[in-house]
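Welcome! Here is a short tour for anyone meeting this structure for the first time. Take a look at the sequence and the model, and then read on.

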Amino acid sequence: MKKLVVVLCAFALSSCSVLKSLIDEQAPPLTVIDQRFDSVKTNLSQIGNLTPSVAAFISEKLIKEVLANEINKTVRKEDDKNSNINVLRFASEYYLSDQTIYLKPRFTLEFIKERITLEASFDGAVGVHNLADSIYLRPALLDFEIDSIEFDGTWNDSKEALSKLAIDVLKGFKDNLNRVLFKEPISMKLEWQQSFEHPLYTTSPASEKSTFRRFEKGLILVNEKGLRLLAQVTQNPQNNIPEVEIDISKLGQTHSLEEFNSLFEQYKQQYEAIWNTYFDKLTETDMSLLIMISKASISEILQETLSVGANISENFDIPKTDFNSSIELESNKLDCQTLREPFRRSRYQRESCNWSCQRCVSACVPILGCSEACTDEPACLSSRAVCNTREEGRVLADNLVHEEARVRHQIEQEARVGACDVAREAADFMALAKFKGNSKGSGKANINIQSVTVNSDLTGLSLSLDINVQADAKINLKIQPIDLGHAFFCIAPYANTFDQKIRVSTGFKTNEIPIVPTSSEDTLKLNFDFESFSYEGTLSPPPIQIFISDPEFIAKCGAANTLIVTGVAIAKVAEIFGEDEPDTVANLLGRFSGEYTPPSFEMIIESETISLGEELDLLALPTWSEKAIHLTSP
C-alpha cells in the first residue's frame, strides 16, 4: 500500500493558483457583507415600529462560549450520523465585528470511502436575527483552504485530479454542515414571561387578575463588545413563532463594503437613540449578560394589574380610650343671680268659725195655724267667739313665722349670690364637675380601591380609596359635680353606659403612595406602603341625645340639661364641656375622628434563568436602576 501525502499552501494560495481556482469554481465563496447587509436592512425596516420594553446585552466572551458549544455539538452529531466521515479534530476561533460574528474553524477529517485524510481551514460568518423572545445565530461556512491531504492507497492519478477529489468531498461536507446549521440555528432564549398576581387581598372574583408579558419582536446590534437587543413585549401568551426560511443562494448577491458601512451607521445612530431614550446608558463591563426591563414597562404592567381595583375587608378596632376632664365655664358666663330661688312656704289655712247658732221652735194652734220662733243659742255664740279668737291667733302666729322665714330666705339668697360673685371674681373659670369614662369598639372596615395611576418612572402611584366602617361601641360615662356645680350642673353624681353604632364613610380620597425598592439575594421587591390618613365618623345615636332623654340625668342634672336643651346645642355643649376638649365635645355630639393605615403590599420581580443554546443556563439577578430594572449575570 502506498501513501501519497500532498502538502498544500496554508491560507495564502498565491503559490497554488490551480488549486485555488478549482476551489473557487466548485465552492464559490459567499460574502460576509451579504449577511451583515441583510441583518441591518431587516432591522432598519422594523425600527420605526418598535417601542422597546426590554433591552439585553450579551458579551463577546459569552457569545463565543455559546458558539463553541453549539457548533462543536453539531459537528459531532454529523460525525456520528455520517459513517463515511470521521472528524479527527475540530477547533474554531470566533470574533465579533459590526453586525456579524466571524468564525474560523479548522478540521482534520477522514473520508473513509475515499480513503482521504485532510486538514482544512474555513472562513465563516454567523448571521444574527431575533424572533419573539429568542436570538438566533446561524453560522455558515463560506470558503475554505486545504492545508494538507493524505491519500491512503495506490493512486495513479495526477495531483490535480487528487486535489479535485479532495475538494469535492470537502465541499460536500461543507454543504451538509451548512444545511444543518441553517435548519437548526443556535437559539439564545432571553425569556421574560413575567406574570404579576394582584397583590391585595380581594373579596370579589372580578378583582382577581394577573398580568402577563413576553417578548414579541426586537432589533439586534452587534459590535466587537458583544450583542445588543431591543425588544418589544406583548400580552399574547401564545408563543407562535413562525419558521424562518433562509435562502442560502441569496447570500451570493454581493453588496459593497461602502454600502454596508453607510447602512450600518444609519442603523447604529437610530439604535443608540432608542436605547438611551428607554434604558440606562450601556457601559460594557465584565458582565456576561444584562437584561434591562424599562420602568415604563413595569409601570404599565402594574397599572394593568391594579386597574381592576380591590376590595379589602379588615377588622376595625377602636382601642379602649380613657377620658378625664373638668367641666368648666368661664366665670363671666356664670350669672350668679340665677342662684336665687323664689321664697316658697306653705301658709296656715284659717279654719272657718262662721257656723250658725240659731235655734228655731215650731208651734201649731187650731184655727190659728202653725208658726216658728228662732233665737240664738247662748252656748253656741260663746263657742263661736272662742273659735274666732283662736284662729285669729293662729293666723297672726303664722304671719310672724312666715315673715321670719322670708327674711331668713332672703338673707340666705343674698349670701349665696354673694359667695358666687366672690368666687366668680376670684377665678377666670369655674369648675362645675369632673367628667370621666372610657370608650372602645370593634367592627369591620371595607376598603375600596379604584383609579390607580402608576408613575412611569416607578417613583410612586396614586389611587382613590374609600373606607366604609360598621362597628359597635360602648361608652362608659360618669359626671361628678363639684363646688358650684351642684347648683349650676348636677345636684348628684350621674353615671351611665351607652351602646352605640359607629359609621364611617370617607368617600373616595386620592392617596399618593411611594414605591420603595428593596433587594434580597435573588429577588427585587417593590414595596407599597400607604400613609395614614384621617377620617371622620358618626356615633348613632349621639350620646348627648341619650343624656337629655334620660330621666335620671334630668333629675340629677337639671341645670345641665337646661343648658344643653336651650339655645344652640353645639355651642352650649362646647361651653359646658370646655373648648379645650374638642374630641370629647365631638364625641358627645355623635362625631368622632381618627387615623387609618391601609395594609401595605409588595410586588416581586424574581431572578430569571436564561437559556443560551441547549447546554448553557445563566441565572440573572434583578437590581434597581435609574430607567430600568436590571437582570444581571456576572
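Which residue in strand 25 is the bridge partner of Pro622? The partner is Leu631. Please keep in mind that this is a predicted model. The chain holds 13 helices and 25 strands, and the points below visit a few of them.

**The chain as a whole**

- Of the 634 residues in the chain, 44% are buried.
- Take the contacts between residues at least 6 apart in sequence: 74% of them join residues at least 24 apart.
- The chain has an accessible surface of about 32,400 Å², and carbon and sulfur atoms account for 49% of that surface.

- Ile605 has a relative accessible area of 1%, and because buried means under 20%, Ile605 counts as buried.
- Thr523 is 82 residues away from Ile605 along the chain, yet the C-alpha atoms of the two are separated by 5.8 Å.
- Strand 23 (residues 608-612) and strand 24 (residues 616-624) run antiparallel and are joined by five bridges.
- A hairpin of three residues leads from strand 24 to strand 25.

**Aromatic rings**

- A search of the whole structure turns up 11 aromatic pairs.
- In one of them, the ring centres of Phe107 and Phe173 are 5.2 Å apart and the planes meet at 80 degrees, so this pair is edge-to-face.
- Phe107 sits in strand 4 (residues 100-111) and Phe173 in helix 4 (residues 159-183), so the pair, 66 residues apart, links distant parts of the chain.
- Phe107 counts as buried at 2% relative accessibility, and Phe173 counts as buried at 6%.
- Another pair is Phe122 with Phe144: the ring centres are 5.5 Å apart and the planes stand at 50 degrees, so the pair is tilted.
- Phe122 belongs to strand 5 (residues 116-131) and Phe144 to strand 6 (residues 134-152), 22 residues apart.
- Both Phe122 and Phe144 are buried.
- Elsewhere, Arg228 lies over the face of Trp275, at 4.9 Å from the ring centre.

**Disulfides**

- A disulfide is a covalent bond between the sulfur atoms of two cysteines.
- The count for this model comes to three disulfides.
- Cys353 is joined to Cys387, with an S to S distance of 1.7 Å.
- The torsion about the S-S bond of Cys353 and Cys387 is about -70 degrees, so this disulfide is left-handed.
- Cys353 lies in the loop between strand 12 (310-330) and strand 13 (358-365), while Cys387 lies in helix 7 (residues 378-426), so the pair ties together parts that are 34 residues apart in sequence.
- Cys353 and Cys387 are both buried.
- Cys357 is joined to Cys380, with an S to S distance of 2.0 Å.
- A torsion of about -75 degrees about the S-S bond of Cys357 and Cys380 makes this disulfide left-handed.
- Cys357 is found in the loop between strand 12 and strand 13 and Cys380 in helix 7, 23 residues apart.
- Cys357 and Cys380 are buried too.
- Cys360 is joined to Cys374, with an S to S distance of 1.6 Å.
- Is the disulfide of Cys360 and Cys374 left-handed or right-handed? The torsion about its S-S bond is about 110 degrees, so it is right-handed.
- Cys360 lies in strand 13 and Cys374 in strand 14 (residues 369-376), 14 residues apart.
- Cys360 is partly exposed, with a relative accessible area of 38%, and Cys374 is partly exposed at 37%.

Conventions
Residues numbered from 1 in each chain as written. Predicted model: local features only at pLDDT ≥ 70, side-chain atom pairs only at ≥ 80, totals over all residues. Heavy atoms only, no water. Pairing = 2+ DSSP bridges. Helix = DSSP H or I, 4+ residues; strand = E, 2+ residues; numbered from the N terminus. Buried < 20%, exposed > 50% of the residue type's maximum accessible area, 1.4 Å probe, protein only. Contact = heavy atoms within 4.5 Å. Areas by Shrake-Rupley, 256 points an atom, 1.4 Å probe, with all protein chains shown as cover. Phe/Tyr/Trp six-rings, centres within 6.5 Å; stacked < 30°, edge-to-face > 60°. Lys NZ or Arg CZ within 6 Å of the ring centre and 35° of its normal. Disulfide = S-S within 2.5 Å.
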